Amino acid sequence: MRKRTLGQNLTVSALGLGCMGMSEFYGAGDDAESVSTIHRALDLGVTFLDTADMYGPFVNEELVGRAIAGRRDEVVVATKFGIQRGPGGERIGLNGRPEYVRQSVEASLRRLGVDHIDLYYQHRVDPTVPVEETWGALAELVAAGKVRHLGISEASAATLRRAHAVHPVTAGQYEYSLWTRDPEGELLDTMRELGVGLVAYSPLGRGFLTGEVKDTESLAADDFRRSNPRFQGDNLDHNLALVAKVRDLAVAKDVTPAQLALAWVLAQGDDIVPIPGTKRRTYLEQNLAALDVVLTGDDLADLAKIGTDVAGTRYTADSMRTLNG
């Protein structure tokens, strides 16, 4: 397994594993298969597991904790706080208050069954709390040994700078894929200036770039993509045409569309680590084969053109308002 370094000294596998879908958002889960998928990932050299307290909510951290029991030394555990949910799953809002930071880390440590978190992200920036206050509390967690590295997700370049001034940001987690190029430009330039690694979530476009999604009717009733603008109506038809182009390029290289899409993200820089999510061992193994895909300059150019013509916003209007804090 190839390695990459986030920030100054957090070494992780070049591909990580996003665990969110094992517990929520993508239809029914299968805990036994999910645990087996995590075990298979570790066996194949994947060291970087991504979860969050709000996934489930709460149960995804517990699942990851069960899966890594007895194998803690093999894993870089990343989790997040800041999107507050109630015990019934209800959305309460964003919370960056220092007292909530301290409560959240204790709860995550307990659910994960670990004595420290390797990478702890502020999941979304709370607009009602200065980021300096939130990061002051996070810096205290590092000093106490409860957290090793700090990250931030979906923050603007300006907010990233402010957080970094309080305590070094090891990684920023942002959606980045062929069909979501938002980090390019000011944000990615700022991250590289500061030495912040990019953890790319949804590098397969929420599964769309695999070519497996043809319509929303085939998705589970509780699959959040049913309400995602990019999967709706004319947007869906337009985006399916883009995926067809990815599929044609993949066929020409004798790889799957997913492998091609992941290889493109990997080729954007050694400071970028994609974390494709899956809850099945078969897809995990297919995704890891992307590490062996070699893209030419022409391949990269052809793929880049595809990603500039996507229809629809990447979240609903309400969710879009929580971004770029």
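Modeller: Helices (H or I, at least four residues) and strands (E, at least two) are DSSP runs, numbered from the N terminus. This is a predicted model, in which local features need pLDDT of at least 70 and side-chain atom pairs count only at pLDDT 80 or more, while totals for chains, interfaces and linings use all residues. Residues are numbered from 1 along each chain as its sequence is written, and side-chain values use heavy atoms, with hydrogens and water left out.

Biologist: In which loop is Phe 58 found?

Modeller: Phe 58 has a positive phi of about 75° although it is not a glycine. Pro 57 is found in the loop between strand S4 (48-50) and helix H2 (59-68). Phe 58 is likewise found in the loop between S4 and H2.

Biologist: Is the peptide bond from Gly 56 to Pro 57 cis or trans?

Modeller: Pro 57 belongs to the loop between S4 and H2. The peptide bond that joins Gly 56 to Pro 57 has omega near -5° and is cis.

Biologist: At what angle do the axes of helix H3 and helix H4 cross?

Modeller: Axes are lines fitted to C-alpha atoms, for helices over the stretch in contact, and angles run from 0 to 180 degrees between N-to-C directions. The axes of H3 (residues 98-112) and H4 (residues 131-143) come within 8 Å and cross at roughly 35°.

Biologist: Does H3 pass H4 in a left-handed or a right-handed crossing?

Modeller: A crossing is left-handed if the near helix is turned anticlockwise from the far one by less than a right angle, and right-handed if clockwise. Contact means heavy atoms within 4.5 Å, and here Pro 98, Val 101, Arg 102 and Val 105 of H3 meet Glu 133, Thr 134, Ala 137, Leu 138, Glu 140 and Leu 141 of H4. The crossing of H3 with H4 is right-handed.

Biologist: Which class do the rings of Trp 179 and Phe 208 fall into, stacked or edge-to-face?

Modeller: Rings of Phe, Tyr and Trp (its six-membered ring) pair if their centres lie within 6.5 Å; planes under 30 degrees apart count as stacked, over 60 as edge-to-face and the rest as tilted. The structure holds five aromatic pairs. In the pair of Trp 179 and Phe 208 the ring centres are 4.9 Å apart and the planes lie at 5°, so the pair is stacked.

Biologist: How many residues apart are Trp 179 and Phe 208?

Modeller: Trp 179 is in the loop between strand S10 (171-175) and helix H6 (186-194). Phe 208 is in the loop between strand S11 (197-201) and helix H7 (233-253), so that the pair links distant parts of the chain, 29 residues apart.

Biologist: What volume has the largest cavity?

Modeller: On a 1 Å grid over the protein atoms alone, a cavity is a set of points where a 1.4 Å probe fits but cannot get out, and a pocket is an open set with protein on both sides within 12 Å along at least five of seven lines; lining residues have an atom within 4 Å of a point. Grid points are joined across faces, edges and corners, and a volume is the space filled by probe spheres set on the points. Trp 179 and Phe 208 are among the residues that line the largest cavity. Its volume is about 50 Å³.

Biologist: Which helix gives the most to the lining of the largest cavity?

Modeller: Ala, Val, Leu, Ile, Met, Phe, Trp, Tyr, Cys and Pro count as nonpolar, Asp, Glu, Lys and Arg as charged, and the others, Gly among them, as polar. By class, the lining of the largest cavity has nine nonpolar, two polar and no charged residues. With four residues, the most is given by H7.

Biologist: Which helix supplies the largest share of the lining of the second largest cavity?

Modeller: The second largest cavity has a volume of about 40 Å³. The lining includes Leu 15, Val 46 and Leu 288. The largest share, three residues, comes from helix H9 (residues 281-288).
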